[in-house]
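Hi everyone, thanks for making time this morning.

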Amino acid sequence: MKAVIQRVLNASVSVDNEVIGEIGKGFLILLGVEKGDDEIEAKVLSAKIAGLRVFCDENDKMNLSLSQIDGEVLVISNFTLLADCKKGRRPSFDNAALPIDALKLYKDFCKFLVDEGVSNIETGEFGADMKVSLTNDGPVTIIIDSKELSR
């Protein structure tokens, strides 16, 4: 699994010009599920993200986690994170999981975030053409590949 985590002041996702998910301060997470990913990777990745200390404390140091600031999360499925651009100019998405597998792990990932103490989670619509808006805070943007966490 690959995740792009953006610390945001707010974020929202729309489908057909209708807002279907909206958060305040917290994380916008773009999540890509790769062939071969499993529930364990979803659990490890969600724990890592929930525990990231990238929110500022009273001394303006990045020292607080999502739960410590009562932060919110917007999770957007994004198979294009698995793009292989090694050859030619047209990316290959052969490494992306099949939709049925990706949807299950996407839902598992969100459930595991709740298990980690994240109380407010919004999602996009899996497989839909979504429009995502955000106000990046910092900007702080972090990319995590679950394969690197298990090494």
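Before I name any neighbours, one definition: when I say contact, I mean heavy atoms within 4.5 Å. And please keep in mind that this is a predicted model.

Let's start with a serine. S77 sits in strand β6. Is S77 buried or exposed? Buried means under 20% relative accessible area, and S77 counts as buried because its relative accessibility is 14%. Who does S77 meet, once we set aside its neighbours within four places in sequence? The contacts are L31, Y106, F126, G127 and M130.

Two of those names take us to the pocket. S77 and M130 are among the residues that lie nearest the centre of the largest pocket, together with N78, F79 and T80. The lining of this pocket has 24 residues, and the space inside is about 410 Å³. Which elements give two or more residues to that lining? They are β3, residues 26-32; β6, residues 72-77; α2, residues 99-115; and β8, residues 131-145. The largest share comes from β3, with four residues.

Now for the packing. The largest nonpolar core has 29 residues, and the members that touch the most others are F27, I29, I49, V75 and F109. You can trace this core through β1, β3, α1, β6, α2 and β8, each of which gives two or more residues. Which of them gives the most? That is α2, with seven residues.

Take I49 as a way in. Not counting residues up to four places away in sequence, I49 touches A3, I5, F27, I29, F109 and I144.

I'll finish with another serine, S46, which lies in helix α1. Here the relative accessible area is 0%, so S46 is buried. Beyond its neighbours within four places in sequence, S46 is in contact with F109, F112, L113 and E116. You have met F109 already: it is on the list of core residues that touch the most other members, and it is one of the residues touched by I49.

Methods. Residues numbered from 1 in each chain as written. Predicted model: local features only at pLDDT ≥ 70, side-chain atom pairs only at ≥ 80, totals over all residues. Heavy atoms only, no water. 1 Å grid on protein atoms, 1.4 Å probe; cavity = no way out; pocket = protein on both sides within 12 Å on 5 of 7 lines; lining within 4 Å. Points joined across faces, edges and corners; volume = space filled by probe spheres on them. Core = buried A, V, L, I, M, F, W, Y, C linked by side-chain atoms within 4.5 Å. Buried < 20%, exposed > 50% of the residue type's maximum accessible area, 1.4 Å probe, protein only.
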